[in-house]
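Here is a report on one protein model. Look at the sequence and the structure first, then read on.

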Amino acid sequence: MRLLVSGLLVSWFAFAASSGSVEEPDFPTFPFRFSARVEITAHLVDRSKPYPPWLRVIQVSYDYPAKKALAVVEQGYDEGKTFLRRYDNKSEYMVRGGRYAECQRSYLGETMPPPVLPHGLEFVGFETVEGFETEHWMEDFGVSRVHVYIKIRSEAEDRSRWPWRVTDEQVLEGVSVPLMTTEWKDFTVLSSLTDQSAPSSEDWAKLFDIPEPYDYRSCTRNIGGFPYMHIFHHYLRF
């Protein structure tokens, strides 16, 4: 009888392991204050041609509690432009350097979009991607899918997790065609500006000042404003 019970228990654990019954992690969220180097890859653009660019690189500083965001476009479309969103004082700026240097300002009357992942995301499983431990989540629309990868810090005392990569793809007759991938690199969460590893509150605040040598009055007024900066699909934009 004992052998029978033991055998049943072994069989049950083997079934659980083979069926992939893994505890689903908490639903992922965006950090509210961070900096990152954002790389956006357009998969269908011909890389053998100089234009249009297939890669866009943006250095981002983001502070949702303070309602501020900064995007410096280092490569690709809008290269050389800096976009500053100041939802806190209802203003936005576009500053371009180089030969045709300029500063434009516009009224920003809307509220800052909250950084929220869609509730339609479903957990797929844990995956190792490029040597990193990740959670794979997916939003499936039938004719298209969005894959979200959450990176997990694997240090023993630090199991923090954050959005790392998102790929949207089209599904044609059962064949998946990747369209665009956004990936965050050099990612730093600023959970508190009092942390020793974080910049001082003064240095962080200065990032969102109008870039020198411009000020509010020296920037040309732009009627209509500037397009959203999408830095994680449409889930996080400003």
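## Arg85 and its neighbours

Arg85 touches Lys67, Lys68, Ala69, Ser91, Glu92, Leu108, Phe226, Pro227, Tyr228, Met229 and Phe238, leaving aside residues up to four places away in sequence. Touching, or contact, means heavy atoms within 4.5 Å. Arg85 is found in strand E4 (residues 81–86). Strands (E, at least two residues) and helices (H or I, at least four) are DSSP runs, numbered from the N terminus.

Is Arg85 buried or exposed? Arg85 is buried, with a relative accessible area of 1%. Buried means under 20% relative accessible area, exposed means over 50%, and partly exposed lies in between (1.4 Å probe, protein chains only). The C-alpha atoms of Arg85 and Ala71 are separated by 8.6 Å. These two residues are 14 residues apart along the chain.

## The model as a whole

This is a predicted model: local features need pLDDT of at least 70, side-chain atom pairs count only at pLDDT 80 or more, and totals for chains, interfaces and linings use all residues. Residues are numbered from 1 along each chain as its sequence is written, and side-chain values use heavy atoms, with hydrogens and water left out.

The protein has two helices and 14 strands. Of its 238 residues, 41% are buried. Take the contacts with a separation of 6 or more: residues 24 or more positions apart account for 50% of them. The protein exposes about 14,400 Å², and carbon and sulfur atoms supply 54% of that area. Accessible areas come from the Shrake-Rupley method with a 1.4 Å probe; for residues, only the protein chains shown count as cover.

Two strands pair if DSSP finds at least two bridges between them.

Start at E7. E7 and strand E8 (residues 132–140) pair in the antiparallel sense over seven bridges. Thr128 stands opposite Glu133 in E8. E7 and E8 form a hairpin with two residues between them. Glu130, in the turn, has a positive phi of about 55°.

Now step to E9. E8 and E9 pair in the antiparallel sense over seven bridges. Asp140 stands opposite Arg145 in E9, and the bridge partner of His136 in E9 is Tyr149. The hairpin of E8 and E9 has three residues between the strands, and Gly142 takes a positive phi near 90° there. E9 is mostly covered: seven of its nine residues are buried. E9 and E10 pair in the antiparallel sense over nine bridges. In E10, Gln170 is the bridge partner of Ser144, and Asp168 is the bridge partner of Val146.

## The nonpolar cores

A nonpolar core is a set of buried Ala, Val, Leu, Ile, Met, Phe, Trp, Tyr and Cys residues joined through side-chain atoms within 4.5 Å. The largest core has 35 residues. Which of them touch the most other members? They are Phe34, Tyr62, Val148, Trp184, Phe232, Leu236 and Phe238. Seven strands, E1 (33–42), E2 (55–63), E3 (68–75), E9 (144–152), E10 (161–172), E11 (175–189) and E13 (230–232), each supply at least two residues of this core. E1 gives the largest share, four residues.

Leu236 touches Phe30, Phe34, Tyr62, Pro115, Trp184, Met229, His230 and Ile231, not counting residues up to four places away in sequence.

## The largest pocket

About 210 Å³ of space lies in the largest pocket. On a 1 Å grid over the protein atoms alone, a pocket is an open set of points where a 1.4 Å probe fits, with protein on both sides within 12 Å along at least five of seven lines. Grid points are joined across faces, edges and corners, and the volume is the space filled by probe spheres set on the points.

The pocket is lined by 11 residues; lining residues have an atom within 4 Å of a point. Ser160, Arg161, Trp162, Phe187 and Val189 lie nearest its centre. E10 and E11 each supply at least two lining residues. E11 gives the most, with three.
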